[in-house]
Amino acid sequence: MQQRYHQKWASPRGALASALALLLCTPLVWAGEEASAPAMPQAVSDTPFASEREAVIWRREELKDIESLVRQLRFDLINNQDIEAATPRLLELQERASAQRLLPAFIAGTHGSGSEARASIWEEWEDFGAGFIDLEGKIANLIEVAEQENPRDTTRALSEVGASCKSCHRTYRYD
């Protein structure tokens, strides 16, 4: 089993490995600085959205797409043990699940009709934003671990990504 796993992962993937190495070498923050979430958008004018409704719809769909992406990664990395197939999804996950990209869609007070968001998001903005920073770190770790071709560590790292998502959902989302 172990040998078969390594044979699947040992296929040529020079460009993929280079892309992952470049990503892993690019710091999310400068040395000595802590990552922090963007400020809470107070109004639509603070965001790239045309309306609060557009922001709510976008974030709801975007978070569902990210959830689907994580399920696809489980299939690629755990079931098939195929880093080559997983690499584009890993890079997409890293881009799409960032605090800088998602938090602008959480305009203050957009927790009413049509939203699954709890009002506590805006009452606990620092903690909410810290959850996304934590998720970014877990995704970076997943990419690093997947490249090391260790199925047990990859499974654990992917589970940590999922646990980070679930933790936030339990606290800040109505089901």
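Visitor: What does the protein average in pLDDT?
Guide: This is a predicted model, and its average pLDDT is 84. A score of at least 70 is reached by 80% of the residues.

Visitor: And where is the pLDDT below 50?
Guide: That applies over residues 1-33. In the model, this stretch has 38 contacts beyond near neighbours in sequence.

Visitor: Let us turn to helices. At what angle do α3 and α4 pack?
Guide: Helix α3, residues 52-79, and helix α4, residues 83-96, pack at about 155 degrees. Their axes are 9 Å apart.

Visitor: Are they roughly parallel or roughly antiparallel to each other, and why?
Guide: An angle over 145 degrees counts as roughly antiparallel. With an angle of about 155 degrees, α3 and α4 are therefore roughly antiparallel to each other.

Visitor: Is the crossing left-handed or right-handed?
Guide: The crossing in which α3 passes α4 is left-handed.

Visitor: Which residues make the contact?
Guide: From α3, the contributors are E62, D65, I66, L69, V70, Q72, L73, D76 and L77. From α4, they are I83, A85, A86, R89, L90, E92, L93 and R96.

Visitor: How many of those are nonpolar, polar or charged?
Guide: The contact of α3 with α4 has ten nonpolar residues, six charged residues and one polar residue.

Visitor: Is Q81 buried or exposed?
Guide: Q81 has a relative accessible area of 12%. Buried means under 20%, so Q81 is buried.

Visitor: One more: where is F49 found?
Guide: F49 is in the loop between α2 (14-25) and α3. With 12% relative accessibility, F49 counts as buried.

Visitor: Which residues does F49 touch?
Guide: Leaving aside residues up to four places away in sequence, F49 touches V44, E54, A55, W58, P104 and A105.

Visitor: How many residues apart along the chain are F49 and P104?
Guide: They are 55 residues apart along the chain, and their C-alpha atoms are separated by 8.6 Å.

Note on methods: Residues are numbered from 1 along each chain as its sequence is written. This is a predicted model: local features need pLDDT of at least 70, side-chain atom pairs count only at pLDDT 80 or more; totals for chains, interfaces and linings use all residues. Side-chain values use heavy atoms; hydrogens and water are left out. Axes are lines fitted to C-alpha atoms, for helices over the stretch in contact, and angles run from 0 to 180 degrees between N-to-C directions. Helices (H or I, at least four residues) and strands (E, at least two) are DSSP runs, numbered from the N terminus. Angles under 35 degrees count as roughly parallel, over 145 as roughly antiparallel, 65 to 115 as roughly perpendicular and the rest as oblique. A crossing is left-handed if the near helix is turned anticlockwise from the far one by less than a right angle, and right-handed if clockwise. Contact means heavy atoms within 4.5 Å. Ala, Val, Leu, Ile, Met, Phe, Trp, Tyr, Cys and Pro count as nonpolar, Asp, Glu, Lys and Arg as charged, and the others, Gly among them, as polar. pLDDT is the predictor's confidence in each residue, from 0 to 100. Buried means under 20% relative accessible area, exposed over 50%, partly exposed in between (1.4 Å probe, protein chains only).
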